[in-house]
Amino acid sequence: MENTITSKRKAYCAVEKAALIAAYKASGLSKKEWCQENAIGLSTLQRWLQHEKSRTSRNRYKTGFLSSRLRQNDQPASKYKSANAKLP
């Protein structure tokens with residue numbers, strides 16, 4: 001049996017992926033056409049686009065937390081003796 005060398009999959013860093021996605025969007029080509037011209041699997045491009053879409057939609061609805069830094073004279077809540085103490 002003869003050993004055959006298969007081509008290794010190209011690993012793209014985040015910067016390369018972002019540049020390729022931008023190039024696809026600017027090309028005006030269909031996904032299939034662009035992938036054929038750029039030797040990238042259609043499923044790879046679709047996965048990148050889906051990941052980008054989910055990442056941007058997560059960021060859009062991200063509420064985050066307000067800053068909880070204390071001013072110099074403020075005391076953290078744990079310093080109050082009673083659990084029912086009113087915070088300033």
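Reply: Buried means under 20% relative accessible area, exposed over 50%, and partly exposed in between (1.4 Å probe, protein chains only). This is a predicted model: local features need pLDDT of at least 70, side-chain atom pairs count only at pLDDT 80 or more, and totals for chains, interfaces and linings use all residues. Residues are numbered from 1 along each chain as its sequence is written, and side-chain values use heavy atoms, with hydrogens and water left out.

Me: Is K10 buried or exposed?
Reply: The class follows from relative accessibility, with exposed set at over 50%. K10 has 51%. That value makes K10 exposed.

Me: Which residue forms a salt bridge with K10?
Reply: A salt bridge needs a side-chain nitrogen of Lys or Arg within 4 Å of a carboxyl oxygen of Asp or Glu. Here the closest N and O atoms are 3.7 Å apart.

Me: How many salt bridges does a search of the whole structure find?
Reply: Side chains of opposite charge can pair when their charged atoms come close. The search of the whole structure gives a total of two.

Me: How many residues apart in sequence are the parts that K25 and E52 tie together?
Reply: Helices are DSSP runs (H or I, at least four residues), numbered from the N terminus. K25 lies in helix 1 (residues 14–27), while E52 lies in helix 3 (residues 42–60). The pair therefore ties together parts whose separation in sequence is 27 residues.

Me: What pattern does the protein chain follow along the sequence?
Reply: The protein chain has three helices and zero strands; strands are DSSP E runs of at least two residues. Read along the sequence, the pattern is α-α-α.

Me: What span does helix 1 reach from its first C-alpha to its last?
Reply: The expected span is 1.5 Å times one less than the number of residues. Helix 1 has 14 residues, and its span is close to the expected 20 Å. From first C-alpha to last, helix 1 reaches 20 Å.

Me: Within what arc do the buried residues of helix 1 fall?
Reply: The buried residues in helix 1 are L20, I21 and Y24. The arc is that of the directions from the helix axis to the C-beta atoms. These residues line one face of the helix, because their arc is within 100 degrees.

Me: Which exposed residues does the face of helix 1 turned away from its buried side carry?
Reply: The buried side holds L20, I21 and Y24. The face turned away from it carries V15 and A26.
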